[in-house]
Amino acid sequence: MRKVVNPPCRAPELEAQGPGETSRPVAEFISTGYGSFVSSTRLMAIVLPDAAPIRRLVQEARDRGALIDATAGRKTRSVLIMDSDQVILSALAPEKLLSGED
């Protein structure tokens, strides 16, 4: 069994299987709190949820089914915008997300 470490952590790099095959790039993960993680390579922005344009962005993501609520029932303190047009809600402040504190 593999031990889970507090992020930022790196996923193990896969070795090439044969000639012409390349390994996957190392992915770095950011903890969104309470056991949830996102790939930092797919993250575009971390913003505060207070502004009206961000609230509209969250509502539009909810309407189209692209909202991921990772708050575990707590107050939303940051909104993560991914390059896949998904929006993730986190109960951690942006400063804590980047520092790796949980």
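Me: Which residue in β6 is the bridge partner of Ile46?
Reply: Leu80 is the partner of Ile46. This is a predicted model, where local features need pLDDT of at least 70, side-chain atom pairs count only at pLDDT 80 or more, and totals for chains, interfaces and linings use all residues. Residues are numbered from 1 along each chain as its sequence is written, and side-chain values use heavy atoms, with hydrogens and water left out.

Me: What makes β4 and β6 a pair?
Reply: Two strands pair if DSSP finds at least two bridges between them. β4 and β6 have four bridges, in the antiparallel sense. So they count as paired. Strands here are DSSP runs of E, at least two residues, and helices are runs of H or I, at least four residues, both numbered from the N terminus.

Me: What is the strand order of the open sheet?
Reply: The order is β4-β6-β7-β5, with mixed pairing among the four strands. β4 (43–47) and β5 are the edge strands, because each pairs on one side only. Neighbouring strands are turned by 20° against each other on average, direction ignored.

Me: How does helix α1 run relative to β7?
Reply: Helix α1 (residues 52–64) runs at about 115° to β7. It lies across β4, β5, β6 and β7. Axes are lines fitted to C-alpha atoms, for helices over the stretch in contact, and angles run from 0 to 180 degrees between N-to-C directions. Contact means heavy atoms within 4.5 Å.

Me: Why is Thr32 called buried?
Reply: Buried means under 20% relative accessible area, exposed over 50%, and partly exposed in between (1.4 Å probe, protein chains only). Thr32 has 0%, so it is buried. The residue lies in strand β2 (residues 28–33). Leaving out residues up to four places away in sequence, Thr32 touches several others, including Phe37, Leu80 and Leu97.

Me: Is Lys75 buried or exposed, and how do you know?
Reply: Lys75 has 60% relative accessibility, so it counts as exposed. Its place is the loop between β5 and β6. Beyond residues up to four places away in sequence, Lys75 touches Ser90 and Ala91. Lys75 and Ser90 are 15 residues apart in sequence and 8.2 Å apart in space, C-alpha to C-alpha.

Me: What is the phi of Ala72?
Reply: Ala72 has a phi near 55°, a positive value in a residue other than glycine. Ala72 is in the loop between β5 (67–70) and β6 (78–82).
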